[in-house]
Amino acid sequence: MTIEYVTSMKMKSIILLLLIYFAGMSEKSYSQEKLKYNDLNKAESAVINDKGTELPFTGKYTNYKGKGTYICKKCGASLYYSTDKFESDCGWPSFDNEIKGAVVRIPDADGIRTEIECANCGAHLGHVFIGEHLTAKNVRHCVNSISLEFVPAQLESGRYGTAIFAGGCFWGVEYYMQKAPGVLSVTSGYTGGSVKNPTYEEVCTGNTGHAEAVKIVYDPQKTSYDKLLRLFLEIHDPTQVGGQGPDIGDQYRSEIFYLNDEQKNIALNDLKLLKDKGFKIATIVTKASEFYPAETYHQDYYFKNGKTPYCHVYTKRF
Ligand SMILES: [Zn+2]
């Protein structure tokens, strides 16, 4: 072989590697596009994307007293609990505390105020004021109603849909499901086992029979069980047996917990579609049993800690 020939082979290898790299890059950006946020109308976008302010005393949550959680209109992340809401007479919903890690503070362009944004998606929420002595915490998050959506603690029966999926470490499944349009809340927890009120440490032994799972509450007018199920089957590997990614153990198994026959039929049908495409499916389909929410520090884990999932990635399968 001549030196020229070897050099040209090396160049070809480098070009090939670069092509593979860029092909991977485009696949990645395509995947991210798939996980888009909720669509916003003109008025919502004017506040949430363009940092506008709704007129005082016009928002639907200004004097609202329902018990539950206020979530981000754009991405669905949980932001404030109703227990931290107070009446400030300022004309906008006021909270003296946020859900830990859910809200970021940045200097406002006016050079005086402090703007608050959703930590997950950057949606403009309003401003935060300190030192007004309105409550013991001495803080007022002044939030535009239009940036929020309210999820009642006691869900009206029939108004919302529920889905329960297990696909490895619940932090990762929650991360992607939280971003899906039409999803109102995602709770990490344990289900499918034999011990009542299990702790994380007990589930980690793999002896309780529980799987790490997420319970999703969604708006059937904006999404469907089928759409969420297909997303679930594309953000974890439904062919892996006995674990997910680097997490090995029965508690990390892939399982769909159906709540009624309609969900069961959709699940069996979607898994058949994947089997017909040649996937060797490991996912099991089981009737849902008691779901135990996990400890508070597991909820919204990636949002609170500013990290991204280590074992879940979007891969198109349908
Ligand atoms: Zn958000």
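Donors are N, O and S atoms within 2.8 Å of the metal (3.2 Å for Na, K and Ca), and sites may look incomplete because water is not among the atoms. The structure is a predicted model, in which local features need pLDDT of at least 70 and side-chain atom pairs count only at pLDDT 80 or more, while totals for chains, interfaces and linings use all residues. Residues are numbered from 1 along each chain as its sequence is written, and side-chain values use heavy atoms, with hydrogens and water left out.

The donor residues of the zinc ion follow the spacing C-x2-C-x42-C-x2-C in sequence. Within this pattern, C75 and C121 stand 46 residues apart and link distant parts of the chain. C75 lies in the loop between β1 (68–72) and β2 (78–81), and C121 in the loop between β6 (114–118) and β7 (124–130); strands (E, at least two residues) and helices (H or I, at least four) are DSSP runs, numbered from the N terminus. The SG atoms of C72, C75, C118 and C121 are the protein donors, lying 2.3 Å from the zinc ion. The site is tetrahedral, with angles of 105 to 116 degrees among its four donor atoms; four donors count as tetrahedral if all angles lie between 85 and 135 degrees. Ideal angles at a metal are 109.5 degrees for four tetrahedral donors. Both C75 and C121 are buried, a term that means under 20% relative accessible area, whereas exposed means over 50% and partly exposed in between (1.4 Å probe, protein chains only).

Helix α3 (residues 170–179) is largely enclosed by the rest of the structure, because 10 of its 10 residues are buried. Among them are F170, W171, Y175 and Y176, together with E174 and K179. The cover over these buried residues includes the strands β10 (161–167), β11 (183–191) and β12 (211–218). The helices α4 (200–204), α5 (225–235) and α7 (301–305) also belong to this cover.

K280, by contrast, counts as exposed, at 74% relative accessibility. This residue is placed in the loop between α6 (261–276) and β16 (284–287). Apart from neighbours within four places in sequence, K280 is in contact with P238 and T239, where contact means heavy atoms within 4.5 Å. The C-alpha atoms of K280 and V241 are 9.8 Å apart in space, and the two residues are 39 apart in sequence.

Methods. Four donors count as tetrahedral if all angles lie between 85 and 135 degrees; four count as square planar and six as octahedral if opposite donors are over 155 degrees apart and all others between 65 and 115; anything else is irregular.
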